Amino acid sequence: MDAAETKTSNKALIVVTIILSIAVVALGILYGISMSSLNSYQATLENVYQKNFYELVDEVNNAETKLNKVLASNSASYKSKLLKEISKNASEAQTRLNMLPYSINGLSDTISFVNQVSGYTETLAKTLENGQNLSKNDEETLEKVYESIVNIKKSLNSMSKQMWEGYNITDSSLKLDGDYNNLTSDMSAMNGEDIEYPTMIYDGPFSDSQVNKEVKGLNFGEVSMETAKSNLGKVLTGVNMDNFDFQGESKGHFTTYDFSYEDENGAYTFAQVTKKGGKLLTLSSQNIYKTKKLELENAEKIALDFAKKADISNMKVVWSDVIGDDAFINLAPVIDGVIIYPDLVKVKVDLTKGNVLGFEASSYYMNHVDRKIMPTRITQSVAKAKLYSGLKVKDARLALIPLEYDKEVLCYEFICTMNGNTYYVYINAVNGAEENILKVIQTDNGNLLL
């Protein structure tokens, strides 16, 4: 190579080196901007999570304090006032809990309990408003509710201390430990064996049952977050989806994309859409209106129409009730006259403007498969003869009900009354065994669809 060629080669090398240097610097700047944006997003998300966590703590603490006062009070009017406030505290607690990125099935007992406390205390408040006294059973149940809330309070306050020491909700939600993320595991003390959640069956038979540990009703491919959000918009017709923020993913039995929205009045809406299939799994919102205008029949139609928009068809209303200004409606498939309770869908509709405030399809997607109903081997009259003699039968129908250990069984469902109470008794339609008895707590203005 002569001197001229060497000089030219050196110049080319210098040019390439400069270009590569500029590229490296540019990539470094872009990387820095990207990391800065990511860190900013994570910081914002963490602030949202911590805000909702601390508000959850406040609501639980307030409910515990007021329940303590209820147990110590001898004034019906004062008790009624406190019970209404506790109902609101529990409702707000559920909303804040739903805004956290826990794995939904990891805290199922706690979530069900908090949801039931809201309706149960509202029911007792109405009982007192109507001039009736709380029964001994009501008082005992309130004591158990109080003990459970005390334990939840201890668990949350323990986590609050960890927050002060640098605990990061976002990071914990991204780390998996088996079926659940670390946040769920850290909050699992609320689901601990030492907490005995009292049974408050006022929202329909088998309303909190999920038979299978394996999801059977989501045999679909995975969708993107954008598709999930688009699907949510098709269900929430008339809603500007640009207002919904993506909150991340939750992992458990279901992997979900989580979305939230806070309107100008401070009312939250939280929704989870399954990653498999892009199906609406849960929806939680708030009723800021107080003038009841709709009848229960209208709410039932709204619930059925909403389920169809969520791609769940061929459902019938199997239970409905009114608590305050809201209707609670349970839907299930009915095959050959048999109610399929494992595939239950729960819907909450406000009776002011007809908005759907709650939707929960975990049981449906956990258990839904094509079923062939086996024939009965005993008649309804033979099954009825096996009931306790003190029970007065009001109605009867066939139902497929969930049992433990991933089993389902065909039963005659007898709706009975005794001593002013309502019971649902389930007699096996094959061998006549008594499979289950549920005692129902009804609201004063409650309605059962029998």
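Cysteine 416 is buried, at 0% relative accessibility, where buried means under 20% relative accessible area, exposed over 50% and partly exposed in between, with a 1.4 Å probe and protein chains only. Cysteine 411 is likewise buried at 0% relative accessibility. The structure holds zero disulfides, a disulfide being a pair of cysteine sulfur atoms within 2.5 Å. The model is a predicted one, in which local features need pLDDT of at least 70 and side-chain atom pairs count only at pLDDT 80 or more, while totals for chains, interfaces and linings use all residues. Residues are numbered from 1 along each chain as its sequence is written, and side-chain values use heavy atoms, with hydrogens and water left out.

Side chains of opposite charge can pair when their charged atoms come close. The count of salt bridges comes to 13, a salt bridge being a side-chain nitrogen of Lys or Arg within 4 Å of a carboxyl oxygen of Asp or Glu. One of them joins lysine 51 to glutamate 55, with 3.1 Å between the closest N and O atoms. Both residues belong to helix H1 (residues 3-72) and stand four residues apart, about one turn of the helix; helices (H or I, at least four residues) and strands (E, at least two) are DSSP runs numbered from the N terminus. Lysine 51 is partly exposed, its relative accessible area being 38%, and glutamate 55 is also partly exposed, at 23% relative accessibility.

A further salt bridge is formed by the side chains of aspartate 311 and lysine 279, at 2.4 Å from N to O. This pair links distant parts of the chain, 32 residues apart. Aspartate 311 is in the loop between helix H8 (296-309) and strand S7 (315-323), and lysine 279 is in the loop between strand S5 (268-274) and strand S6 (280-284). Aspartate 311 is partly exposed, with a relative accessible area of 48%, whereas lysine 279 is buried, with 12%.

In the salt bridge between arginine 371 and aspartate 343, the closest N and O atoms are 2.7 Å apart. Arginine 371 lies in the loop between helix H9 (362-367) and helix H10 (380-384), and aspartate 343 in the loop between strand S9 (338-340) and strand S10 (345-350), so the pair ties together parts that are 28 residues apart in sequence. Arginine 371 and aspartate 343 are both buried.

Asparagine 89 is placed in helix H2 (residues 76-98) and is buried, with a relative accessible area of 6%. Apart from neighbours within four places in sequence, asparagine 89 is in contact (heavy atoms within 4.5 Å) with Glu59, Asn62, Ala63 and Lys66.

Two cavities of 30 Å³ or more are counted. On a 1 Å grid over the protein atoms alone, a cavity is a set of points where a 1.4 Å probe fits but cannot get out, and lining residues have an atom within 4 Å of a point. Grid points are joined across faces, edges and corners, and a volume is the space filled by probe spheres set on the points. The largest cavity holds about 100 Å³ of space. Its lining includes Glu59, Ala63, Asn89, Phe113 and Ile152. Two or more lining residues come from each of H1, H2, helix H3 (108-129) and helix H4 (136-164). The lining of the largest cavity divides into nine nonpolar residues, one polar and one charged, with Ala, Val, Leu, Ile, Met, Phe, Trp, Tyr, Cys and Pro counted as nonpolar, Asp, Glu, Lys and Arg as charged, and the others, Gly among them, as polar.

Notes
1 Å grid on protein atoms, 1.4 Å probe; cavity = no way out; pocket = protein on both sides within 12 Å on 5 of 7 lines; lining within 4 Å.
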